Amino acid sequence: MVQATNLGFPRIGAQRETKKIVEAFWAGKATEQAIDEAAIKLRAENWALQKAQGLSQIPSGDFSFYDHVLDHSVMFNVIPQRFRHLADGHKRNFAIGRGIQKPATETQPKVDLEAQEMKKWFDTNYHYIVPEFENNQSFHLGQKIKTLDEFNEAKALGIHTRPVVLGPLTFLLLGKTAKNSHGLDLISLLPKVLPVYEELFAKLAHAGADWIQVDEPILALDLAPQVVARFQETYARLTAAAPSLKFLIATYFGRIGDNVSFIKNSGVAGLHVDLVRNPEQLESVLANLSSTQVLSLGLVDGRNIWKTNLANALKIAEVAVKAIGTERVFVAPSCSLLHAPVTLRFEKRLASKNAELFDWLAYSEEKCKELHILAQALNNGVESVQAELADNARSIEARRTSAHTTNSAVRERLEAIVPDQLRRRSVFPERQQTQHKALPLPEFPTTTIGSFPQTKEIRLARAKFTKGEIDAAAYHEFIKKEIAYCVEEQEKLKLDVLVHGEAERNDMVAYFGERLEGYIFSENGWIASYGSRCVRPPIIFGDVHRVNPMTITETVYAQSLTSKPMKGMLTGPVTCLQWSFVRDDIPRSVVCTQLALAIRDEVVDLEKAGIVHIQVDEPAIREGLPLRSVDFDLQWAVDAFLLSTTGVKDETVIHTHMCYSDFQDIFQAIRRMDADVLTIENSKSDMRILGAFSTHGYNAEIGPGVFDIHSPRVPSIQEMKERADAMLQYIPRRNLWINPDCGLKTRGWKEVRESLTNLVAVAEALRATS
Ligand code: GLN
Ligand code: ZN
């Protein structure tokens, strides 16, 4: 029998229950017990729901309050030195994720613990907490063994689950070495960590687990042959030590490629591969399995919201069934459904007001159902699910032939793009001279990345406006006041290039999506981004174009309040694309070019309105890249950025901003983007990256963040000055900007004021030196 399985269910809750309770806990309004109870309830609901949809292998251990990689580190006692004095529990986990800072009191000294580093999870917009390993790293299971506890919790409810565990090689290789342990070879920790995995697996086996899912997503990356060899040894050892368990190695987000070679003789019972991203890998993977190994087919897109074309999925599955038989085939989502919204049940507005589009969608709950239908069709013949398949085929056809997805004017404009539309008028060194002459700034100009705190008042006003409780005039009046406040504060802080603060934007992508044609918004399509933060990616369903200016009113108003330059703030085409749910009926590059033309029009309008500094954020520039370097192609992404930004005069300073990216392999692309100022997330990263920028001939202005905005911690002048001094080893004085890592929207005003006061002091101190 083909089994319908899942790799992971969203943990945020159908109505973001997890976020709400966790944030209440942080605010001191919920107890540990309350958050535990909420989690128990949610897990029970999720298991029941997956069972009701007809899945036969349901994951457990996929829940997390903050991040599953962090939970895994804690479960294995990988806790950085600075947090070890804290008692085991939620508080400590949250401290590792968020840092802690408390001023000294009469009885207590001040506390200042930096959060552990956070990184993007492969090419997603989910962020994980990077495990931090030390030279003398010891691993052991603690009192609480999360994976085991959750397996038992499900078992007590009568649900037999498939525990999900982060595999040892991914765990180690996605980690980093602690500050005191430079030179530590992460893979050398393998002999130390494996006994703990053995212990965990023995406990799971003892508790009654049969299949266990071991996630090894690094198998979709380029790996050295020595590393692949370690996979072989590792799994041979782990499977031998737990003979009653069936190991399913899960890979996703890309093709396993030659790394598959270890599978056959590794002792594992099965392999999961992503066939949504890489359907072409099916044949080669099949050829590399032993005669008993199971193949789990990732057929339902875990990263998007569109209904699966079940007829197509069946065709692929049938190839597998024909080759290895139903007993050896699982159907599954391409990856954990962590990256998809929870359920369509709460999409009431779309369901009633946009039934056409609603009919094209499937969230996690519905995807589970699709998996069940696929399994039924494979096991009992297509007749057994004829009605479901016919209904699916009708939806797919309706979407394909819809009149609402194409706009001929947009298509014609795309056709007419010429190379000159991808070039600034002069090269950067000439522009820099022109810009410095036209609008001189002090040395080490200070600026921020755009957003200022999104306070409760702002969110409340927006909610009231959305619900129609206040009218547009009242809302815009409110926003104007917020902008004025933000400008005034920046003047007081003596920043050099100001921003309007983005109070009117709920989200940097959604804001533009709401103003562009071709987009639609869900009510409840939330997915996890980091910690308790969820995002609700807009949906691009049709051809994108701009009808009216989108940011001119607020930016021009903000500029009217100050004699300092006001930076216009836009989201770039690649980021709009990456952070949306994108239609899958035309190439992504085409959607991106449509977005670029819309942003280009806005950039030109800002310039016309007298705005000299314009920032086009591309934090997601790297995200669209396939995981394998041979497949890297940023050509169309960079072209889209150029198309957006090059419609201006030399005097206009184009900024771009990127965060949470590895830049290592994309210097050429960043250089080709030809921005005048680049601000990047850097406060926690290695300074060597800056050296690499210059080695790669990057000669434009650059503002590597001097403090981390993801933590409420206020950085001292000294620590930021040290960072800036270190930067000066790589970046010439005239090119260095001083700014935070990213936007400040998630922070409070008090810490923002304190942090920026210190930041400006750093710039002043730097100017005083020669
Ligand atoms: N301008 C945006 C902000 O400040 C940039 C956010 C981002 O890079 N993620 O919020
Ligand atoms: Zn950023």
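In which hand, left or right, does α7 pass α8? In this predicted model, the crossing of α7 with α8 is right-handed. The two elements, helix α7 (residues 190–207) and helix α8 (residues 225–241), have axes 9 Å apart and pack at an angle of about 30°. From α7, the contact draws on Leu190, Leu194, Tyr197, Glu198 and Phe201, while α8 contributes Arg230, Thr234, Arg237, Leu238 and Ala241. Sorted by class, this contact of α7 with α8 comprises six nonpolar residues, one polar residue and three charged residues.

The UniProt record, an unreviewed entry, lists residues 4–318 as "domain: Cobalamin-independent methionine synthase MetE N-terminal".

Helix α18 (residues 472–493) and helix α20 (residues 552–560) cross at roughly 45°, their axes coming within 10 Å. The contact of α18 with α20 has five nonpolar and two charged residues, with no polar ones.

Turning to the ligand, 13 residues surround ligand 1, and the closest are Ile449, Gly450, Ser451, Pro619 and Gly743. The shell around ligand 1 divides by class into six nonpolar, four polar and three charged residues.

Notes. Residues are numbered from 1 along each chain as its sequence is written. Chains are lettered from A and ligands numbered from 1 in the order in which they are written. This is a predicted model: local features need pLDDT of at least 70, side-chain atom pairs count only at pLDDT 80 or more; totals for chains, interfaces and linings use all residues. Axes are lines fitted to C-alpha atoms, for helices over the stretch in contact, and angles run from 0 to 180 degrees between N-to-C directions. Helices (H or I, at least four residues) and strands (E, at least two) are DSSP runs, numbered from the N terminus. Ala, Val, Leu, Ile, Met, Phe, Trp, Tyr, Cys and Pro count as nonpolar, Asp, Glu, Lys and Arg as charged, and the others, Gly among them, as polar. UniProt positions are given in the numbering used here, feature names are shortened, and annotations may be inferred rather than shown by experiment. A residue is near a molecule or strand if its C-beta atom, placed from the backbone, lies within 6 Å of it. A crossing is left-handed if the near helix is turned anticlockwise from the far one by less than a right angle, and right-handed if clockwise. Two residues are in contact if their C-beta atoms, placed from the backbone, lie within 7 Å.
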